[in-house]
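Here are my notes on this one, as numbered points. Have the model open while you read.

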Amino acid sequence: MPHLNLDDELLQDYLAECREHLATIEADLLTIEQNGEQIDEQLVNRVFRAAHSIKGGAGFFDLGIIHQLAHRIENVLDLIRSRQMMPTPEIVNTLFRSFDKLRDLLDHHQDSGSADISEYVEALTGLVECALPLAEKPSVKQKVEVPLPGGGAHIEVSAFDMTQARKGGKSVYLIAYDLIHDIQRNGKTPLEVFRKLDQFGSVMEMMLDIDSAGTLDDEPVNKLLLEVLYATPLDTDLIREVVHVPAERIQKVEADGSVRAINAPRPAAAPPAPAPQPAPKPEIVAAVKEPEPKPAPTPSPTPTPAPVATPSVSAPESTVRLNVTLLDSLMTLAGELVLSRNQLNESLARRDDRAIRSGAQRINLVTSELQEVVTLTRMQPIGTLFSKFSRLVRDLSRNLDKDVQLHTEGAEVEIDKTILEGLSDPLTHMVRNAVDHGIEGRADRLAKGKSATGNLTLRACHQAGQVLIEIVDDGRGLAVEKVAASSLAKGLVTREQLDKMSDREKLALVFLPGVSTAEKVSDVSGRGVGMDVVKTNLDKLGGKIEIESAPGRGASFRIKLPLTLAIIPSLLVSDGGERFAIPQVNVGELIRIPAAQIAQRTDRVGDALVLTLRDHLVPLVHLADAMGTARSQQDGRPMNVVLVNTGAFAYGLIVEELHDTAEIVVKPLGRHLKGIQDYAGATILGDGRVAVILDVAGIAARSGVSAGTAETVATRGGDEAVVDAQTHSLLLFHNAPNETCAVPIANVSRIERVKPSQVETVGGRRTMLHRGASLRLVTLCDVASAGELTDSQQYVVIVFERMGRPIGLLAAEPLDMIEANLDIDTLTLRQRGIAGSAVLKNQTVLMLSIDELAEAVCPSGYDEAPAGYNDEAPKALPAMPVAGAPTVLLAEDSEYFRHHVQRLIESIGCNVITAEDGAKAWDLLEKNRDHVDLVATDIEMPHLDGLSLTRQIRADKRFENLPVIALSSLAGEEDIARALEMGVSEYKVKLNEDELTECIRTLVMPHS
């Protein structure tokens, strides 16, 4: 049949439908293989229907090769669902390879007619022949010709297909559809007709009867017939109700191969002739062709391993499916936007300033909602990507002779379609590496006391407005020293730099080009390429990657990605009169250094300019130098530094001016700028000017700043800059003009500037509108004897959470964040809401108690204060014990923190026993050994520190299973590793309250 010039839109619909079918086939085939002889007919039928639908459409669009391959796949699946063939790994492997080829043919359907599929056809045909009884094997290659009305043309099918079609009492019909009158003029498409036919049976074969249109010598006709061979259990009375064509164009194919119209009487059987006589050759309406006898090919029991499947998004989908509810929201918002525009235009015409402001606010609100909903249209579940790795892990395991089980979690998490497509290659590299030389072989795992089957987990979740993806295996883990040795051998780092690196920095070196820990090169990994590609691709997506590894226990790769790349929150800066945008995901801190302190706080290490920041040295880069422009003159002006994080290290970017934050729409760069590594894109600002988006990793590479450089300057002067274990991270702010207050930074959720007019008093309570809801506010003077805020001060609201409720502390600028080793006095200025005081730079600072401030705002959400408590001089009285509740032994030498953590633990329903140091904690533990369920200990304490206490607990068999949580302000990798080595169950940074309470609940609350 000649190739048809068919409607391109109809063909694209068919191809999109095929891709949807193929998207779930791999997971279904894996399940079929795992079930073995326990065949799930519904599951097999789903895969069969997918192959059948692809075959049917390919026949209509004259994609002969695709039709032929899909038909052979369909035959194998038909035998599996009828239990004539068992889905062994070899058979499933052949199906996998055939579907891979089918997917490739569909992706390149224009050239599919010249593709060679003989290898696949022979393998699939061989499987069918092997499953059939000896008498039925020839039917696979025997052909049956079903003649079309009018003679001349015929539809050819195999005798095997005809036999399979008639099983279960089905009948076979030859139906002639008029594409013009039966389909087009009824507002239908051929694909819709095929879908309806598939509901009541199956399309065996089809053919476009070009002869029905006639020739130039014939009288003009207005018809074009599509002949369909159809198998269905429907009888002749019901078939017309399904196909909706005249009865004369429906013929039934009899068992002997003849055809007759369904409204024609069945011909009577002819009487037997007395003797055979030669007769004229009758018109053959059905004939069986016997091919030349050939030995049937027997498939090898162990075929050559197929190439390992690799998930790919080289041809991104151009269409997405949307929920109707989402479309309704878009239509509603579009309507509201039109109404708001009309109102604004009318207000402008009347010059009504108040109405103009109101209209502008309304448009701003609707635009924000519209932006959110439009962003959702691009969101796709990450499970569509995770599902592709089941096949990859399966094939790799077979090729490497390993047992690896893939587990996925969080498949419902949604992420931007562009990011999802860009994730395929990085995740593929990491999964291949994990299976190849991360997870050991069966013998090695059994020798180490592990199960023979290795486990690989892909996990996704939302975290702090980002998507977190983890790739975790229980293999041998990354060898830190091998990574370091490979980096050193490649000349990527020096011995001096390695000596100063922590284990985490050494592990990060695996992302450098050429670094590999594989002992031998294989087809899967070991060439030192791949992990650098992972890092490069993730940088393009605005992502970060971290590694954790425990030798002998496995490795974990943690990837953090933005939800979308289309609209991103950014910081706007300027230098040399040009504006630039820095994605907020890369911004860690903004620092303004007064001109008088620049010389004091900056220094040079070799050729690098560095900044002293909280006893650490940070490398600095001038944005003007990176851009190749002249620096602006300081002339007594302060230095503005943006502390940026590349994912592997941090550095400071010096800019001329800092501006506001804004949500920007990312625009692609022109071809002439795409090769410049300093830029990640561009955007158009509100004033119509173009601003380029900076790539902080690219600027660092151009300026010569790397992880090694950052580590070198950060560790300079380590002997002089020793950070005390009791250093506190505090937020400083003002209450009254002469009262400086502080709270631990870990308590703070958010800080917002507000105007006095935004603060309202409703029902006798101070409140304000915050994110569409009322936020309860408290000031220090509401609780304690303190000064009141004045109208001349710039107000801020410090938002924190207690018992799942947001609460705002009304305070005043200026604000500052410090890390200082303070001696906290818990007696002199102690009162309700004020936990103590400290002296900082010859100034008294009030240390506020967030718990007591929260109790003043929401007393119903907290336990009542213990008896004997008074506002003037509160005493630290122990809470009444709760019967049956877990008991926590808390060891903390600082009264301020001891009191704070005690109240925190008691708030979740635990009893608390407190000790001032490790020695007293050990005495209390021995006295209460039958009651203590958990020990929480500070690290640095007099007499007996926390690690020594933990070692002593673990050495006593009575307490070897007792959970121990270490609390400290030290959060370095080496500190955590040292604590875990001593036997600590969990390590938590002091005052990270959410993590601490969740950890306690996990360890002991299930036993309450």
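1. A word on burial before anything else: buried means under 20% relative accessible area, exposed means over 50%, and partly exposed is in between, using a 1.4 Å probe and protein chains only. By that scale Glu813 is partly exposed, at 23% relative accessibility.

2. Some ground rules. This is a predicted model, where local features need pLDDT of at least 70 and side-chain atom pairs count only at pLDDT 80 or more, while totals for chains, interfaces and linings use all residues. Residues are numbered from 1 along each chain as its sequence is written, and side-chain values use heavy atoms, with hydrogens and water left out.

3. Back to Glu813. Its side chain meets that of Arg753 in a salt bridge, 2.9 Å from N to O; the term covers a side-chain nitrogen of Lys or Arg within 4 Å of a carboxyl oxygen of Asp or Glu. This pair links distant parts of the chain, 60 residues apart, with Arg753 in strand β29 (residues 750-754) and Glu813 in strand β34 (residues 805-820). Arg753 has a relative accessible area of 60%, so it counts as exposed. Helices (H or I, at least four residues) and strands (E, at least two) are DSSP runs, numbered from the N terminus.

4. Compare that with Arg350 and Glu346, whose side chains form a salt bridge at 3.2 Å, N to O. These two are four residues apart in helix α11 (residues 324-350), so about one helical turn separates them. Arg350 is partly exposed at 48% relative accessibility, and Glu346 is partly exposed with a relative accessible area of 48%.

5. Glu916 and Lys920 make another salt bridge, with their closest N and O atoms 3.3 Å apart. Glu916 is partly exposed at 41%, and Lys920 is partly exposed at 42%. Elsewhere, salt bridges that share partners tie Glu26, Glu33, Asp100, Arg103, Arg391, Arg394 and Asp395 into one network. How many salt bridges does a search of the whole structure find? The count is 40.

6. Now have a look at helix α6 (residues 118-131), where Thr125 lies. Buried residues of α6 include Tyr120, Val121, Leu124 and Leu127. Among the elements covering the buried residues of α6 are α4 (64-81), α5 (89-107) and α7 (159-165).

7. Is Thr125 itself buried or exposed? With a relative accessible area of 12%, Thr125 is buried. Leaving aside residues up to four places away in sequence, Thr125 touches Arg72 and Val140, where contact means heavy atoms within 4.5 Å. Arg72 is 53 residues from Thr125 along the chain, yet their C-alpha atoms are separated by 6.8 Å. A polar atom of the Thr125 side chain also lies 2.7 Å from the backbone oxygen of Val121.

8. For a hairpin, go to β25 and β26, which have five residues between them. Strand β25 (residues 679-684) and strand β26 (residues 690-694) run antiparallel and are joined by five bridges; strands pair if DSSP finds at least two bridges between them. Gly681 stands opposite Ile693 in β26, and Gly688 in the turn has a positive phi of about 90°.

Conventions: Polar contact = N/O pair within 3.5 Å; in protein donor to acceptor, adjacent residues only side chain to side chain.
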